[in-house]
Structure formats: structure tokens, C-alpha cells
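Grab a viewer and work through these exercises on helix packing and aromatic pairs. Try each one before reading its solution.

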Amino acid sequence: MIRMNLGVSFRGFAACLLISAFFFFPSPLPAADPPSPLGVVQSGTDRILLIVKASLTGDGPPLRQRRSEIIEIVDEYFNFAEMARRSLGRPWKDQSREKQQRFVTLFKQILFNVYVGRIENTASPTTRFSWDRVMVDGEYGVVKTRAVNDKTAVAEIEYRLRLLDGGWKVYDVVVEGISLIANYREQFDSFLSRGSFDDLLACLKAKVDAEKIP
């Protein structure tokens with residue numbers, strides 16, 4: 001049993017208080033650095049590729065479940081809200097919050113289908129990603145990679161990321177030199193030059209409905 005020395009000096013008592021404070025109120029640990037742009041993209045794509053490869057051998061889950069698992073992973077490292085805003089460009093600020101959210105929801109599904117569809121259509125049991133180059137400039141980063149089957153390059157993919165709220169997330173994907181965001185912005189600009197934003201939402205919804213997994 002620990003005995004207290006009631007005759008301890010004031011200096012000794014103060015020292016005890018300091019020691020107690022140290023043990024009961026430890027200094028906060030320094031905040032961990034967020035995963036690097038390469039770490040974010042590599043972790044996400046590697047996990048997606050494992051799911052897709054499993055489907056090639058018949059060991060994976062059904063298509064609906066597979067897509068559900070993949071979109072959860074993609075959500076971790078894609079900033080779909082920023083991608084939607086960038087793809088729409090100047091008309092974004094003219095829309096109500098409700099219409100902006102509807103646009104984000106529809107655009108997310110369309111972009112997801114395009115991104116995952118390309119991986120599924122080109123993947124083979126030997127597919128892997130070769131990480132070529134990583135560049136970071138302040139809050140922006142670029143990860144350049146290639147999808148490789150055996151020793152043959154299937155596609156060159158560049159991920160553009162931005163550091164927001166303490167984490168890196170993708171805001172654009174460039175496939176074979178073509179920016180998905182720039183490509184969609186051109187299409188949306190052309191559409192809105194002839195129709196309204198409500199027409200655009202209706203068109204996107206029709207496309208999403210047509211691509212739904214039965």
C-alpha cells in the first residue's frame with residue numbers, strides 16, 4: 001500500500017502535483033500527416049483492382065454488390081462535389097443549392113460508371129498499376145500512372161488532387177491525355193447553349209436510369 005508522507009515540504013508537494021498532472025494530463029500527440037497523394041490514389045486503386053480481378057475468376061460478388069463496394073472506396077478519394085462544380089463551370093453559381101446537389105448526385109453516378117467501366121473493361125488477371133511520377137505544389141498534387149497487363153501498357157492515367165480539410169482528394173482524372181472534367185464541361189456548355197439547366201438535369205437522370213444495374 002502506498003503511504004503518504006504528510007510532512008512533505010511545500011516544494012515536494014508542488015513537485016508531486018506537477019508529476020501527477022503529467023501522468024493524468026499527457027501532452028497531446030502531434031497530429032499525423034495526411035496520406036500523400038500517391039498513398040491516397042494507390043490505396044484506392046489497388047483495392048478496386050482486387051475486387052475487379054476477383055470478378056474475372058468468378059470468385060467475386062455479383063455485379064450490383066461489386067459496384068456498391070467499389071463506389072464506397074471511390075468516395076474515399078474522389079471529391080465528386082468539386083468535380084461536378086468544375087465540370088459545370090460558370091453556370092454552377094447560378095443554380096440553387098437544391099439543384100446543385102441534384103447535379104452532383106447525378107454527375108457522380110455518371111462519372112463513377114465511366115471510371116469503373118474503363119477499369120473493368122481493360123482489367124485482366126495480370127493487370128497492375130505502374131506509378132510513374134508524383135508532383136506536389138502547395139495544395140495541389142498530380143499522380144501519373146499506367147495500367148499494365150503483363151508488360152503491355154493499357155492506359156496512361158493522371159490523377160489530379162487537391163488538399164482540402166486535411167486530406168487529399170481527386171478533382172480530375174486525365175485518361176490518355178483527355179481530362180474528364182474538361183471533356184464534360186465542353187459537353188455541358190454545348191448543351192446549355194441550347195437548353196435550360198432543368199433540361200440538363202433531366203438528360204443526366206435519363207442516362208443514369210438507363211445505366212442502372214437491373
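**Exercise 1.** Work out how helix α4 and helix α5 are oriented relative to each other, and which residues make the contact.

*Solution.* Start with the geometry: α4 (residues 80–88) packs on α5 (residues 97–122) at an angle of about 100 degrees, and the axes are 9 Å apart. Keep in mind that this is a predicted model. Angles of 65 to 115 degrees count as roughly perpendicular, so α4 and α5 are roughly perpendicular to each other. Next, pick out the residues. From α4 come Phe 80, Ala 81, Met 83, Ala 84, Ser 87 and Leu 88, and from α5 come Phe 103, Val 104, Phe 107, Lys 108 and Leu 111. Sorted by class, that contact has nine nonpolar, one polar and one charged residues.

**Exercise 2.** Classify the ring pair of Phe 107 and Phe 188, then say which parts of the chain the pair ties together.

*Solution.* The model has 13 aromatic pairs. For Phe 107 and Phe 188, the ring centres are 6.0 Å apart and the planes sit at 65 degrees, so call the pair edge-to-face. Phe 107 belongs to α5 and Phe 188 to α6, so the pair ties together parts that are 81 residues apart in sequence. Now check burial: Phe 107 has a relative accessible area of 1% and is buried, and Phe 188, at 5%, counts as buried too.

**Exercise 3.** Repeat the analysis for Tyr 140 and Tyr 171: is each one buried or partly exposed?

*Solution.* This pair is edge-to-face as well, at 5.9 Å centre to centre with 80 degrees between the planes. Tyr 140 is in strand β2 (residues 140–149) and Tyr 171 in strand β4 (residues 167–175), so the pair ties together parts 31 residues apart in sequence. Tyr 140 has 33% relative accessibility and counts as partly exposed, whereas Tyr 171, at 13%, is buried.

**Exercise 4.** Find which residues ring pairs link into a cluster with Phe 107 and Phe 188.

*Solution.* Follow the ring pairs, and you get a cluster of Trp 92, Phe 103, Phe 107, Tyr 184, Phe 188 and Phe 197.

Note on methods:
Residues numbered from 1 in each chain as written. Predicted model: local features only at pLDDT ≥ 70, side-chain atom pairs only at ≥ 80, totals over all residues. Heavy atoms only, no water. Axes fitted to C-alpha atoms, helices over the stretch in contact; angles between N-to-C directions. Helix = DSSP H or I, 4+ residues; strand = E, 2+ residues; numbered from the N terminus. Parallel < 35°, antiparallel > 145°, perpendicular 65-115°, else oblique. Contact = heavy atoms within 4.5 Å. Nonpolar A, V, L, I, M, F, W, Y, C, P; charged D, E, K, R; others polar. Phe/Tyr/Trp six-rings, centres within 6.5 Å; stacked < 30°, edge-to-face > 60°. Buried < 20%, exposed > 50% of the residue type's maximum accessible area, 1.4 Å probe, protein only.
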